[in-house]
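This briefing covers the ligand site and the aromatic contacts of one model. Please read it alongside the sequence and the coordinates.

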Amino acid sequence: MRVLITGGAGFIGSSLALAFASRHADWQIVVCDNLYRRGSELNLPRLKAAGVEFVHADVRQPADLERVGHVDALVECSAEPSVMASEQGGGEFVVQTNLLGAYNCLELAARHRAQVVFLSTSRVYPVAAQEQLRLVEGETRFELADDQPTPGAGPEGISERFPLDGARTLYGASKLAAELLVTEYAASHGLKTVVNRFGVVAGPWQMGKVDQGVFTHWMLSFYFGRPLAYIGYGGEGKQVRDLLHVDDLVDLVDDQLVRPGHWAGRTYNAGGGRAGSLSLLETSALCREITGRDVEIGRISETRTGDVPVYLSDCSALFAHTDWRPRRSPAQILHDIFDWIHDHEALVRSALT
Ligand SMILES: NC(=O)c1ccc[n+]([C@@H]2O[C@H](COP(=O)([O-])OP(=O)(O)OC[C@H]3O[C@@H](n4cnc5c(N)ncnc54)[C@H](O)[C@@H]3O)[C@@H](O)[C@H]2O)c1
C-alpha cells in the first residue's frame, strides 16, 4: 500500500510517517510538505533515515500533488493549525491551505480511488455556544456543570451532537468546510473516508509556540526559564483542555488505515477526554515537578478572540465503535516532551527559542 501523508513534515504527519514506516514493512510511505511551519525542516533527516520519501509540495498547487504519483491512501495533515494566525491577518493562507488544499487532496484521492483519513479539529464547534456552557469554578480549574443548556454538552465534554450553528474562527470554519467536502467526495466518488475531530494533540517533536502547541510551549518555557502568562478568563490559569498523546493518535489512524471498511463515512471526536485533561495551573504544577524549576507567570485577564474556557472531547460515540482508547496520561505526555527537549536540547533551542 502506498500511503501519502500531506503536511507530513509537521508534528502529527511526521509521527504518523515514522510509525507506519517502522510498523508496516509492506507499506510505502510518502510525505509531502511545503515546510511552511518553522521547525518542520528538522523532521526531514528523521524521515529520510526511516526510508520515507519526501516530496516538496504545496497542497494549494494541484501540479505539486501530481508529482506524488499513485496513492492507495491519503492522510490529510497539512494545515495552518493556529487560531491566532487566522485572526491576525493570515486568513488567505488559512483558507487556501485548509480548504483549497483539502479540495486538491480529495481530487487526488478521487483520481486514484484512494482511502482518505482527514484530520479535523474540535474547533469546528462554534465559540458562542461554548461560551454559554455552565461552568463550576474549582480550586485549580473550571469544570463543565452537570446540567447544560445545549444538546451534546455535559460534564464529560462536547459530543458530535453539539449544534454547529454560529461562528467558530476562520481556522474552525475552514476545517468544517473541508469536512463537508470529504462527505461530498465519499458520496460522489465512493471513497472510503473518515474524519477525526481531535482536541489538543501533544507530544515530542511538536514545534510548540504560544498560539499552537501550548503544552510543549509551557514545558519549553519551564525548561529554558522563560516567563509565561495566563491569558484570559481573569488570568488565573483555570482554562482546561483535554490532550491526546500523539502516539495514541497514531494507534487510532493506523487502525483506520488497516480497516477502511470499518471506518468508512464516520466522523468522531477523538481526544483525551475529562480523564486526560489539564488546566494551565495544573500544567504549571506538573512542569515545576518534572523540571525542578520555576518561572515567572504573569496574568492577562483579557480573553482572546475565539478562545473557550473549557474543551473536553466526549468520545462516547467513538468508544462505541472501537476498542481504541487513549492510553497515555497528561503527566506522561509532559514527561515525554521533557525527555525530548532534554535529548535534543541544542536543536530545540535553535529552532524554537
Ligand atoms: N496539533 C493539534 O493539537 C491538532 C489538534 C486538532 C487537529 N489538528 C490537525 O492536525 C493536522 C496536523 O497538525 P499539526 O499539529 O501536525 O500541525 P503542524 O503545523 O506541525 O503540521 C502541519 C504541516 O503542514 C505543512 N503545511 C502548511 N501549509 C502547507 C501547504 N500549503 N502545503 C503543504 N504543506 C503545508 C506545514 O509546513 C507543517 O509541516 C492539521 O490538519 C490540524 O488542523 C491538530
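A nitrogen atom of the ligand lies 3.0 Å from an N or O atom in the side chain of Thr 97, a polar contact (a pair of N or O atoms within 3.5 Å; within protein, one must be able to donate a hydrogen and the other to accept it, and residues adjacent in sequence count only if both atoms are side-chain atoms). The model is predicted: local features need pLDDT of at least 70, side-chain atom pairs count only at pLDDT 80 or more, and totals for chains, interfaces and linings use all residues. Residues are numbered from 1 along each chain as its sequence is written, and side-chain values use heavy atoms, with hydrogens and water left out.

**Ligand contacts**

- The side chain of Tyr 171 has an N or O atom 2.6 Å from an oxygen atom of the ligand.
- For Arg 37, a side-chain N or O atom is 2.8 Å from an oxygen atom of the ligand.
- On its own the ligand has 820 Å² of accessible area, and the protein covers 97% of it (Shrake-Rupley method, 1.4 Å probe).

**Shell around the ligand**

- There are 32 residues around the ligand, and Ile 12, Asp 33, Ser 40, Tyr 171 and Lys 175 come nearest (a residue is near if one of its heavy atoms lies within 4 Å).
- Elements giving two or more residues to the shell include helix H1 (11-23), helix H5 (91-112) and helix H7 (169-189); helices (H or I, at least four residues) and strands (E, at least two) are DSSP runs, numbered from the N terminus.
- Strand S5 (115-121) is also among these elements, and S5 gives the most, with 3 residues.

**Aromatic pairs**

- The count comes to 11 aromatic pairs, where rings of Phe, Tyr and Trp (its six-membered ring) pair if their centres lie within 6.5 Å, and planes under 30 degrees apart count as stacked, over 60 as edge-to-face and the rest as tilted.
- Tyr 125 and Phe 162 form an edge-to-face pair, because their ring centres are 6.0 Å apart and their planes are at 85°.
- Tyr 125 is in the loop between S5 and helix H6 (127-131) and Phe 162 in the loop between strand S9 (157-158) and H7, so this pair ties together parts 37 residues apart in sequence.
- Tyr 125 and Phe 162 are both buried (under 20% relative accessible area, 1.4 Å probe, protein chains only).
- Ring pairs join Tyr 125, Phe 162 and Tyr 311 in a cluster.

**Charges over rings**

- The charged end of Arg 46 sits over the ring of Trp 205, 3.7 Å from its centre (NZ of Lys or CZ of Arg within 6 Å of the ring centre and within 35 degrees of the ring normal).
- Arg 293 lies over the face of Tyr 223, 5.2 Å from the ring centre.

Key: Buried means under 20% relative accessible area, exposed over 50%, partly exposed in between (1.4 Å probe, protein chains only).
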